[in-house]
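Colleague: Could you take me through this model in order, giving the cut-offs behind each term as it comes up?

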There are 2 protein chains.
Amino acid sequence: MELSIGKEEIFSGRVLKLEKHTVTLQDGSTASREVVRHSGAVAIVAVSGSKLLLVKQFRFPVQKSMLEIPAGKLDAGESPEECARRELLEETGYIPKDLRKLATIETSPGFSDEIIHIYFSEVERFQDPSPDVGEFVEPVLIDTKEAIEMITDGQITDSKTISGILLAFLGKESDCDD
Amino acid sequence: MELSIGKEEIFSGRVLKLEKHTVTLQDGSTASREVVRHSGAVAIVAVSGSKLLLVKQFRFPVQKSMLEIPAGKLDAGESPEECARRELLEETGYIPKDLRKLATIETSPGFSDEIIHIYFSEVERFQDPSPDVGEFVEPVLIDTKEAIEMITDGQITDSKTISGILLAFLGKESDCDD
(Lines give C-alpha, C1' and ligand atoms only; values in the text may rest on other atoms or scores of the structure.)
Protein backbone atom coordinates (compact mmCIF):
# COMPACT_ATOMS: atom_id res chain seq x y z
CA MET A 1 0.00 0.00 0.00
CA GLU A 2 1.25 3.46 -0.89
CA LEU A 3 -0.63 6.46 0.45
CA SER A 4 -0.42 9.90 -1.20
CA ILE A 5 0.47 12.64 1.30
CA GLY A 6 1.09 15.37 -1.27
CA LYS A 7 0.06 16.00 -4.87
CA GLU A 8 1.49 18.43 -7.42
CA GLU A 9 -0.53 18.88 -10.62
CA ILE A 10 2.06 19.46 -13.30
CA PHE A 11 0.14 19.36 -16.57
CA SER A 12 -3.42 18.99 -17.84
CA GLY A 13 -3.73 18.47 -21.58
CA ARG A 14 -6.02 17.12 -24.26
CA VAL A 15 -5.08 13.47 -23.76
CA LEU A 16 -3.37 13.20 -20.40
CA LYS A 17 -2.66 14.78 -17.05
CA LEU A 18 0.61 14.56 -15.15
CA GLU A 19 0.79 14.51 -11.34
CA LYS A 20 3.71 14.14 -8.96
CA HIS A 21 2.86 12.57 -5.62
CA THR A 22 4.73 12.17 -2.37
CA VAL A 23 3.74 8.79 -0.91
CA THR A 24 4.36 6.88 2.28
CA LEU A 25 5.62 3.33 1.81
CA GLN A 26 4.88 0.30 3.96
CA ASP A 27 8.06 0.75 6.00
CA GLY A 28 7.06 4.34 6.85
CA SER A 29 9.55 5.97 4.50
CA THR A 30 8.48 8.39 1.77
CA ALA A 31 9.02 8.35 -1.99
CA SER A 32 7.89 10.28 -5.07
CA ARG A 33 5.60 8.90 -7.79
CA GLU A 34 5.13 10.40 -11.26
CA VAL A 35 1.65 9.52 -12.51
CA VAL A 36 0.15 9.95 -15.98
CA ARG A 37 -3.66 10.14 -15.77
CA HIS A 38 -5.60 8.94 -18.83
CA SER A 39 -9.34 8.71 -19.44
CA GLY A 40 -9.17 5.05 -20.47
CA ALA A 41 -9.76 3.45 -23.82
CA VAL A 42 -11.52 0.66 -25.64
CA ALA A 43 -10.19 -1.76 -28.29
CA ILE A 44 -11.89 -4.42 -30.42
CA VAL A 45 -10.61 -7.72 -31.79
CA ALA A 46 -12.84 -7.56 -34.88
CA VAL A 47 -13.29 -10.72 -36.93
CA SER A 48 -14.71 -10.83 -40.45
CA GLY A 49 -14.84 -14.46 -41.60
CA SER A 50 -11.30 -15.85 -41.41
CA LYS A 51 -9.80 -12.36 -41.27
CA LEU A 52 -8.97 -9.84 -38.57
CA LEU A 53 -9.85 -6.18 -39.10
CA LEU A 54 -6.84 -4.12 -38.03
CA VAL A 55 -5.93 -0.46 -38.50
CA LYS A 56 -2.65 1.03 -39.63
CA GLN A 57 -1.65 4.46 -38.34
CA PHE A 58 1.43 6.56 -37.69
CA ARG A 59 2.21 6.84 -33.97
CA PHE A 60 4.10 10.04 -33.23
CA PRO A 61 5.68 9.01 -29.86
CA VAL A 62 7.43 6.00 -31.46
CA GLN A 63 7.82 7.59 -34.92
CA LYS A 64 6.52 4.66 -36.91
CA SER A 65 3.43 3.30 -38.57
CA MET A 66 1.82 0.52 -36.50
CA LEU A 67 -0.72 -2.22 -37.10
CA GLU A 68 -3.21 -2.33 -34.20
CA ILE A 69 -6.68 -3.49 -33.33
CA PRO A 70 -9.22 -0.64 -33.71
CA ALA A 71 -9.27 1.45 -30.53
CA GLY A 72 -9.97 4.83 -29.09
CA LYS A 73 -10.32 6.91 -25.97
CA LEU A 74 -13.50 6.91 -23.92
CA ASP A 75 -15.49 10.13 -24.24
CA ALA A 76 -16.88 11.66 -21.04
CA GLY A 77 -20.03 9.80 -19.94
CA GLU A 78 -19.65 7.14 -22.63
CA SER A 79 -19.90 3.43 -21.76
CA PRO A 80 -17.11 1.13 -23.01
CA GLU A 81 -19.61 -0.70 -25.28
CA GLU A 82 -20.79 2.56 -26.86
CA CYS A 83 -17.16 3.60 -27.33
CA ALA A 84 -16.31 0.26 -28.98
CA ARG A 85 -19.16 0.63 -31.50
CA ARG A 86 -18.32 4.29 -32.20
CA GLU A 87 -14.59 3.79 -32.67
CA LEU A 88 -15.02 0.69 -34.83
CA LEU A 89 -17.47 2.51 -37.11
CA GLU A 90 -15.37 5.71 -37.30
CA GLU A 91 -12.06 3.98 -37.97
CA THR A 92 -13.23 1.13 -40.22
CA GLY A 93 -16.87 1.60 -41.29
CA TYR A 94 -17.72 -1.80 -39.76
CA ILE A 95 -20.28 -2.59 -37.05
CA PRO A 96 -20.11 -5.35 -34.43
CA LYS A 97 -22.59 -8.24 -34.46
CA ASP A 98 -21.98 -9.58 -30.95
CA LEU A 99 -19.67 -7.54 -28.69
CA ARG A 100 -18.16 -9.79 -26.03
CA LYS A 101 -15.76 -8.57 -23.30
CA LEU A 102 -12.35 -10.22 -23.48
CA ALA A 103 -10.38 -8.37 -20.81
CA THR A 104 -9.55 -5.08 -19.17
CA ILE A 105 -5.82 -4.43 -19.17
CA GLU A 106 -3.48 -1.90 -17.60
CA THR A 107 -0.92 -0.79 -20.18
CA SER A 108 1.77 0.76 -17.93
CA PRO A 109 0.73 0.44 -14.28
CA GLY A 110 4.17 1.59 -13.09
CA PHE A 111 3.55 5.18 -14.23
CA SER A 112 0.02 5.44 -15.68
CA ASP A 113 -3.58 4.62 -14.77
CA GLU A 114 -4.53 3.94 -18.40
CA ILE A 115 -6.84 0.95 -18.74
CA ILE A 116 -8.11 -0.54 -21.99
CA HIS A 117 -11.35 -2.51 -22.20
CA ILE A 118 -10.86 -5.12 -24.93
CA TYR A 119 -13.84 -6.62 -26.76
CA PHE A 120 -14.20 -9.40 -29.30
CA SER A 121 -16.76 -9.33 -32.08
CA GLU A 122 -17.73 -10.67 -35.45
CA VAL A 123 -18.15 -7.57 -37.59
CA GLU A 124 -19.72 -6.58 -40.89
CA ARG A 125 -19.16 -3.70 -43.26
CA PHE A 126 -21.74 -0.93 -42.87
CA GLN A 127 -20.37 2.25 -44.49
CA ASP A 128 -17.14 4.04 -45.38
CA PRO A 129 -14.82 4.93 -42.47
CA SER A 130 -15.34 8.40 -40.98
CA PRO A 131 -12.26 9.13 -38.85
CA ASP A 132 -11.98 12.24 -36.68
CA VAL A 133 -10.45 15.34 -38.26
CA GLY A 134 -6.66 14.95 -38.21
CA GLU A 135 -6.85 11.18 -37.75
CA PHE A 136 -5.36 9.10 -40.57
CA VAL A 137 -6.27 5.48 -40.03
CA GLU A 138 -6.22 2.79 -42.70
CA PRO A 139 -8.36 -0.33 -42.17
CA VAL A 140 -6.56 -3.58 -43.10
CA LEU A 141 -7.99 -7.12 -43.30
CA ILE A 142 -5.42 -9.80 -42.44
CA ASP A 143 -5.76 -13.56 -42.11
CA THR A 144 -5.99 -14.44 -38.42
CA LYS A 145 -3.14 -16.94 -38.72
CA GLU A 146 -0.94 -14.35 -40.45
CA ALA A 147 -1.71 -11.78 -37.74
CA ILE A 148 -0.57 -14.25 -35.07
CA GLU A 149 2.63 -14.87 -37.06
CA MET A 150 3.14 -11.08 -37.27
CA ILE A 151 3.02 -11.03 -33.46
CA THR A 152 5.54 -13.84 -33.02
CA ASP A 153 7.95 -12.42 -35.63
CA GLY A 154 7.80 -8.88 -34.23
CA GLN A 155 5.82 -7.02 -36.91
CA ILE A 156 2.89 -6.38 -34.53
CA THR A 157 4.27 -4.81 -31.34
CA ASP A 158 1.40 -2.92 -29.70
CA SER A 159 0.60 -4.37 -26.26
CA LYS A 160 -3.22 -4.12 -26.46
CA THR A 161 -3.14 -5.71 -29.92
CA ILE A 162 -0.93 -8.61 -28.81
CA SER A 163 -2.95 -9.14 -25.63
CA GLY A 164 -6.29 -8.94 -27.44
CA ILE A 165 -5.47 -11.19 -30.38
CA LEU A 166 -3.71 -13.85 -28.29
CA LEU A 167 -6.56 -13.85 -25.73
CA ALA A 168 -9.16 -14.15 -28.50
CA PHE A 169 -7.46 -17.10 -30.15
CA LEU A 170 -5.94 -18.79 -27.10
CA GLY A 171 -5.77 -22.50 -27.76
CA LYS A 172 -7.31 -22.21 -31.23
CA GLU A 173 -4.21 -21.84 -33.37
CA SER A 174 -1.95 -24.56 -32.03
CA ASP A 175 -0.58 -27.52 -33.90
CA CYS A 176 -2.22 -30.53 -32.29
CA ASP A 177 -0.03 -32.93 -34.31
CA ASP A 178 2.96 -32.24 -32.02
CA MET B 1 3.98 10.59 -41.11
CA GLU B 2 3.79 13.34 -38.53
CA LEU B 3 6.63 15.85 -38.34
CA SER B 4 7.39 17.86 -35.20
CA ILE B 5 7.62 21.59 -35.91
CA GLY B 6 7.66 22.72 -32.29
CA LYS B 7 8.54 21.13 -28.95
CA GLU B 8 7.74 22.28 -25.42
CA GLU B 9 9.52 20.42 -22.61
CA ILE B 10 7.02 20.37 -19.78
CA PHE B 11 8.52 18.06 -17.16
CA SER B 12 11.65 16.01 -16.57
CA GLY B 13 11.45 13.64 -13.62
CA ARG B 14 12.96 10.50 -12.16
CA VAL B 15 10.97 8.09 -14.32
CA LEU B 16 9.56 10.07 -17.22
CA LYS B 17 9.67 13.24 -19.28
CA LEU B 18 6.68 15.03 -20.74
CA GLU B 19 6.83 16.94 -24.04
CA LYS B 20 4.17 18.74 -26.03
CA HIS B 21 4.74 18.87 -29.77
CA THR B 22 3.14 20.73 -32.60
CA VAL B 23 3.13 18.42 -35.63
CA THR B 24 2.22 18.66 -39.29
CA LEU B 25 -0.14 15.94 -40.52
CA GLN B 26 -0.21 14.32 -43.94
CA ASP B 27 -2.90 16.72 -45.20
CA GLY B 28 -0.74 19.73 -44.25
CA SER B 29 -2.80 20.67 -41.18
CA THR B 30 -1.25 20.92 -37.72
CA ALA B 31 -2.11 19.19 -34.45
CA SER B 32 -0.68 18.87 -30.94
CA ARG B 33 0.81 15.69 -29.47
CA GLU B 34 1.43 15.03 -25.77
CA VAL B 35 4.33 12.60 -25.43
CA VAL B 36 5.58 10.75 -22.35
CA ARG B 37 9.25 9.79 -22.76
CA HIS B 38 10.44 6.70 -20.89
CA SER B 39 13.87 5.03 -20.80
CA GLY B 40 12.45 1.62 -21.72
CA ALA B 41 12.21 -1.53 -19.67
CA VAL B 42 12.84 -5.24 -19.63
CA ALA B 43 10.59 -8.08 -18.44
CA ILE B 44 11.17 -11.83 -18.05
CA VAL B 45 8.79 -14.78 -18.41
CA ALA B 46 10.68 -16.88 -15.85
CA VAL B 47 9.94 -20.62 -15.68
CA SER B 48 10.93 -22.89 -12.82
CA GLY B 49 9.80 -26.43 -13.64
CA SER B 50 6.03 -26.33 -14.19
CA LYS B 51 5.74 -22.97 -12.45
CA LEU B 52 5.99 -19.35 -13.45
CA LEU B 53 7.93 -16.92 -11.26
CA LEU B 54 5.84 -13.77 -10.90
CA VAL B 55 6.08 -10.77 -8.59
CA LYS B 56 3.37 -9.08 -6.60
CA GLN B 57 3.61 -5.36 -5.91
CA PHE B 58 1.44 -2.36 -5.17
CA ARG B 59 1.09 -0.04 -8.17
CA PHE B 60 0.39 3.51 -7.07
CA PRO B 61 -1.14 4.85 -10.34
CA VAL B 62 -3.89 2.19 -10.31
CA GLN B 63 -4.05 1.87 -6.49
CA LYS B 64 -3.91 -1.89 -6.34
CA SER B 65 -1.57 -4.80 -5.86
CA MET B 66 -0.74 -6.52 -9.15
CA LEU B 67 0.74 -9.83 -10.23
CA GLU B 68 3.31 -9.28 -13.01
CA ILE B 69 6.28 -10.89 -14.64
CA PRO B 70 9.56 -9.58 -13.11
CA ALA B 71 10.54 -6.33 -14.82
CA GLY B 72 12.41 -3.10 -14.45
CA LYS B 73 13.65 0.02 -16.14
CA LEU B 74 16.83 0.04 -18.20
CA ASP B 75 19.70 1.84 -16.49
CA ALA B 76 21.77 4.25 -18.63
CA GLY B 77 24.24 2.28 -20.77
CA GLU B 78 22.83 -1.09 -19.72
CA SER B 79 21.96 -3.72 -22.34
CA PRO B 80 18.49 -5.32 -22.18
CA GLU B 81 20.07 -8.72 -21.34
CA GLU B 82 22.08 -7.23 -18.44
CA CYS B 83 18.94 -5.47 -17.22
CA ALA B 84 16.94 -8.73 -17.37
CA ARG B 85 19.54 -10.58 -15.25
CA ARG B 86 19.85 -7.72 -12.75
CA GLU B 87 16.12 -7.15 -12.27
CA LEU B 88 15.36 -10.88 -11.99
CA LEU B 89 18.05 -11.30 -9.33
CA GLU B 90 17.06 -8.16 -7.40
CA GLU B 91 13.32 -8.85 -7.38
CA THR B 92 13.34 -12.64 -6.96
CA GLY B 93 16.81 -13.95 -6.11
CA TYR B 94 16.69 -16.20 -9.20
CA ILE B 95 19.10 -16.30 -12.16
CA PRO B 96 18.29 -17.18 -15.78
CA LYS B 97 19.71 -20.32 -17.39
CA ASP B 98 19.02 -19.48 -21.04
CA LEU B 99 17.68 -15.97 -21.79
CA ARG B 100 15.76 -15.99 -25.08
CA LYS B 101 14.14 -12.89 -26.61
CA LEU B 102 10.37 -13.24 -26.98
CA ALA B 103 9.32 -9.79 -28.20
CA THR B 104 9.72 -6.04 -27.91
CA ILE B 105 6.40 -4.34 -27.26
CA GLU B 106 5.13 -0.78 -27.15
CA THR B 107 2.84 -0.37 -24.14
CA SER B 108 0.98 2.85 -25.09
CA PRO B 109 2.18 4.08 -28.49
CA GLY B 110 -0.60 6.70 -28.64
CA PHE B 111 1.02 8.83 -25.94
CA SER B 112 4.30 7.21 -24.84
CA ASP B 113 7.52 5.88 -26.36
CA GLU B 114 7.91 3.22 -23.65
CA ILE B 115 9.11 -0.10 -25.05
CA ILE B 116 9.55 -3.33 -23.09
CA HIS B 117 11.96 -6.04 -24.16
CA ILE B 118 10.44 -9.35 -23.06
CA TYR B 119 12.63 -12.42 -22.49
CA PHE B 120 11.87 -16.05 -21.71
CA SER B 121 14.08 -18.18 -19.49
CA GLU B 122 14.26 -21.23 -17.32
CA VAL B 123 15.46 -19.90 -13.98
CA GLU B 124 16.99 -21.24 -10.77
CA ARG B 125 17.16 -19.91 -7.26
CA PHE B 126 20.51 -18.31 -6.43
CA GLN B 127 20.07 -16.10 -3.34
CA ASP B 128 17.49 -14.09 -1.40
CA PRO B 129 15.85 -11.19 -3.27
CA SER B 130 17.57 -7.79 -2.87
CA PRO B 131 15.07 -5.19 -4.07
CA ASP B 132 15.97 -1.51 -4.37
CA VAL B 133 15.37 0.70 -1.32
CA GLY B 134 11.67 1.60 -1.23
CA GLU B 135 10.71 -1.28 -3.54
CA PHE B 136 8.40 -3.89 -2.00
CA VAL B 137 8.16 -6.82 -4.35
CA GLU B 138 7.02 -10.31 -3.37
CA PRO B 139 8.10 -13.25 -5.58
CA VAL B 140 5.30 -15.76 -6.21
CA LEU B 141 5.51 -19.17 -7.92
CA ILE B 142 2.31 -20.10 -9.78
CA ASP B 143 1.46 -23.09 -11.98
CA THR B 144 1.71 -22.04 -15.62
CA LYS B 145 -1.79 -23.31 -16.34
CA GLU B 146 -3.20 -21.40 -13.37
CA ALA B 147 -1.42 -18.21 -14.50
CA ILE B 148 -3.05 -18.51 -17.94
CA GLU B 149 -6.44 -18.98 -16.25
CA MET B 150 -5.73 -15.87 -14.14
CA ILE B 151 -5.28 -13.98 -17.42
CA THR B 152 -8.52 -15.23 -18.97
CA ASP B 153 -10.56 -14.62 -15.80
CA GLY B 154 -9.18 -11.10 -15.25
CA GLN B 155 -6.95 -11.57 -12.22
CA ILE B 156 -3.78 -10.80 -14.19
CA THR B 157 -4.31 -7.51 -16.06
CA ASP B 158 -0.86 -6.07 -16.78
CA SER B 159 -0.26 -5.78 -20.54
CA LYS B 160 3.42 -6.88 -20.58
CA THR B 161 2.53 -9.86 -18.37
CA ILE B 162 -0.39 -10.96 -20.59
CA SER B 163 1.66 -10.44 -23.76
CA GLY B 164 4.71 -12.24 -22.39
CA ILE B 165 2.96 -15.27 -20.90
CA LEU B 166 0.64 -15.82 -23.87
CA LEU B 167 3.55 -15.46 -26.32
CA ALA B 168 5.68 -17.89 -24.32
CA PHE B 169 2.99 -20.57 -24.19
CA LEU B 170 1.28 -19.92 -27.54
CA GLY B 171 -0.11 -23.21 -28.79
CA LYS B 172 1.16 -25.17 -25.79
CA GLU B 173 -1.84 -24.94 -23.48
CA SER B 174 -4.72 -25.72 -25.83
CA ASP B 175 -7.16 -28.58 -25.48
CA CYS B 176 -6.53 -30.79 -28.49
CA ASP B 177 -9.55 -32.96 -27.66
CA ASP B 178 -11.94 -30.28 -28.99
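Colleague: In which loop of chain B is Gln63(B) found?

Modeller: A word on conventions comes before the answer: this is a predicted model, in which local features need pLDDT of at least 70 and side-chain atom pairs count only at pLDDT 80 or more, while totals for chains, interfaces and linings use all residues. Residues are numbered from 1 along each chain as its sequence is written, and chains are lettered from A and ligands numbered from 1 in the order in which they are written. Helices (H or I, at least four residues) and strands (E, at least two) are DSSP runs numbered from the N terminus. On that numbering, Gln63(B) is found in the loop between β5 (51-59) and β6 (64-68) of chain B.

Colleague: What is phi of Gln63(B) near, and is Gln63(B) buried or exposed, or partly exposed?

Modeller: Phi of Gln63(B) is positive in a residue other than glycine, with a value near 55°. A residue is called buried if 20 or more other C-beta atoms, placed from the backbone, lie within 10 Å of its own, exposed if 12 or fewer, and partly exposed in between. With 13 C-beta neighbours inside 10 Å, Gln63(B) counts as partly exposed.

Colleague: What is the phi of Gln63(A)?

Modeller: Gln63(A) lies in the loop between β5 and β6 (64-68) of chain A, where it is partly exposed, with 13 other C-beta atoms within 10 Å. Although Gln63(A) is not a glycine, its phi is positive, at about 50°.

Colleague: How many residues of chain A are in contact with chain B, and of which classes?

Modeller: Contact here means that the C-beta atoms of two residues, placed from the backbone, lie within 7 Å, and by that criterion 58 residues of chain A are in contact with 57 residues of chain B. Elements that each supply at least two residues to this side of chain A include β1 (3-12), β2 (16-24), β3 (30-38) and α3 (159-168). For the classes, Ala, Val, Leu, Ile, Met, Phe, Trp, Tyr, Cys and Pro count as nonpolar, Asp, Glu, Lys and Arg as charged, and the others, Gly among them, as polar. The side of chain A that touches chain B then has 26 nonpolar, 18 polar and 14 charged residues.

Colleague: Why do the copies meet through the same surface?

Modeller: The comparison is between the interface residues of chain A and those of chain B. The copies meet through the same surface because the share of the interface residues of chain A that are also interface residues in chain B is 98%.

Colleague: Which strands pair with β10(A)?

Modeller: Two strands pair if DSSP finds at least two bridges between them. Strand β10 (residues 115-125) of chain A is largely enclosed by the rest of the structure, because 8 of its 11 residues are buried. Its parallel pairing, over 7 bridges, is with β4 (residues 41-48) of chain A, and Val42(A) stands opposite His117(A) there. The antiparallel pairings are of 3 bridges with β8 (residues 94-96) of chain A and of 6 bridges with β9(A).

Colleague: Which residues does Cys83(B) touch?

Modeller: Cys83(B) is found in helix α1 (residues 80-92) of chain B, and it counts as buried, with 22 C-beta neighbours inside 10 Å. Not counting residues up to four places away in sequence, Cys83(B) touches Val42(B), Gly72(B), Leu74(B), Asp75(B) and Glu78(B).
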